[in-house]
Amino acid sequence: MILQRSTSLCNLIQSSSFRSPFTELARNAFFTSQTASSLQPISEPSTYRFDEEEYADMNWDELGFGLVPTDYMYVMKCSKEESFSNGELNRYGNIELSPSSGVLNYGQGLFEGLKAYRKGDGRLLLFRPEENGLRLQMGAERMCMPSPSIEQFIYAIKQTVLANKRWVPPPGKGSLYIRPLLIGSGSVLGLAPAPDYTFLIYASPVGNYFKEGLAPLNLVVEENIHRAIPGGAGGVKTITNYSPVLKAQTQAKSKGFSDVLYLDSVKKKNLEEVSSCNVFIVKGNKISTPATQGTILPGITRKSIIDIATNQGYQVEERTIEVEELVDADEVFCTGTAVVVAPVGSITYQGKRFKYNTGVGAVSQKLYSILTGIQTGLIEDKMGWTVEIE
């Protein structure tokens, strides 16, 4: 059976009679004989039950950070001179793009990343989704694209999670990673903004980004390859920021390092960030992180850790950090949606390896416990950061 692509989906979901995902809606509207024209048909999962809570059939204890295809994705489209309107849920599958689409020819695209967590009582939580929506809007303005409103963004996230609820791991086993995409899907030959755009969300259950959990990372400082330049797009989450780091990252991993720490491209002596996460250094009661000035992505986990650390009595600074400061640092850790808070055990710079405090009693461990406690509902959210999906 194939999910019907119909605008009636959004009308049903928005109606006051809609109480739980895919009960009457599933029986009466979703499954028809019509094929979603731009999607590959996917057979109905044998373990899905619309009238009861049920987990997907998988070993949650072995869940890593890799793609596990789920059931549904959310799709919303608009033209360049229009605004996004109601979207719809489709079966997860391939999408159709013209070879001349803006995203394929000129990299006109953005992505976001956030997670949904299952509490002990079964309720589902999002963590600061409005921040992701706002960052998407800022990136869209930089890349000359229309973007969904914050309300549309959060609504779409919630519907995607509800549609894939059985894929949200049990408490303590992981989270549902949510990947919103905004792409120039319309055809364009000359360099120009695409005429049409697609906003799409898919999801995948994930465990720890690094399989060892909180085992320390071993980084290497890269001096020749740079992630971003002043005046570029390093401060927005455009898809074009990520593939350029693959060469340095691949080389580092081939030598046994976990990832790469990049320097600024002008003076080549100031810390910027790791391939896909922000970096912090700790010295005594002072926690420092490179200031975001256009070349560093303003991470939402980064922003949250700054607030948590400040509330815990640490002196937190956003400033220029020279690479030589790694010599005397007590701790170094990374933050990001995927890695959460990951302690760094060592950093190698110009052939010299510097080691840092990790484990029990480390600042990174303390901040990790507080942050994940809030995200999963184990600690009272006094900051108003979590959003319950009802």
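These legends walk through several close-up views of a predicted model.

**View 1. Confidence along the protein chain.** The mean pLDDT of the protein chain is 87, and 85% of its residues reach 70 or more. Residues 1–52 are a stretch to read with care: pLDDT stays under 50 there. For this stretch the model has 100 contacts beyond four places in sequence.

**View 2. The largest nonpolar core.** This core has 36 residues. Those touching the most other members are Ile 157, Val 161, Ile 178, Leu 182 and Phe 199. Both strands and helices take part: β3 (72–79), β6 (114–118), β7 (124–127), β8 (175–184) and β9 (196–206) each give two or more residues, as do α4 (129–142) and α5 (150–163). The largest share, 7 residues, comes from α5. Apart from this core lies another one, of 23 residues, including Leu 261, Leu 263, Ile 321 and Val 339.

**View 3. The surroundings of Phe 199.** Which residues is Phe 199 in contact with, leaving aside its neighbours within four places in sequence? They are Tyr 74, Val 75, Met 76, Phe 84, Leu 136, Pro 148, Phe 153, Ala 156, Pro 180, Leu 181 and Leu 182.

View 4. Arg 128 is found in the loop between β7 and α4. Is Arg 128 buried or exposed? Its relative accessible area is 5%, so Arg 128 counts as buried. The side chain of Arg 128 makes a polar contact of 2.9 Å with the side chain of Ser 304. Not counting residues up to four places away in sequence, Arg 128 touches Ile 300, Lys 303, Ser 304, Asp 307 and Trp 385.

**View 5. Val 340, a residue with positive phi.** Val 340 sits in strand β17 (residues 340–349). Although Val 340 is not a glycine, its phi is positive, at about 65°. With a relative accessible area of 12%, Val 340 is buried.

**View 6. Gln 350, another positive phi.** Gln 350 belongs to the loop between β17 and β18 (352–355). Its phi is near 50°, a positive value in a residue other than glycine. What is the relative accessible area of Gln 350? The value is 56%, so Gln 350 is exposed, whereas Val 340 is buried.

Technical notes: Residues are numbered from 1 along each chain as its sequence is written. This is a predicted model: local features need pLDDT of at least 70, side-chain atom pairs count only at pLDDT 80 or more; totals for chains, interfaces and linings use all residues. Side-chain values use heavy atoms; hydrogens and water are left out. A nonpolar core is a set of buried Ala, Val, Leu, Ile, Met, Phe, Trp, Tyr and Cys residues joined through side-chain atoms within 4.5 Å. Buried means under 20% relative accessible area, exposed over 50%, partly exposed in between (1.4 Å probe, protein chains only). Helices (H or I, at least four residues) and strands (E, at least two) are DSSP runs, numbered from the N terminus. Contact means heavy atoms within 4.5 Å. A polar contact is a pair of N or O atoms within 3.5 Å; within protein, one must be able to donate a hydrogen and the other to accept it, and residues adjacent in sequence count only if both atoms are side-chain atoms. pLDDT is the predictor's confidence in each residue, from 0 to 100.
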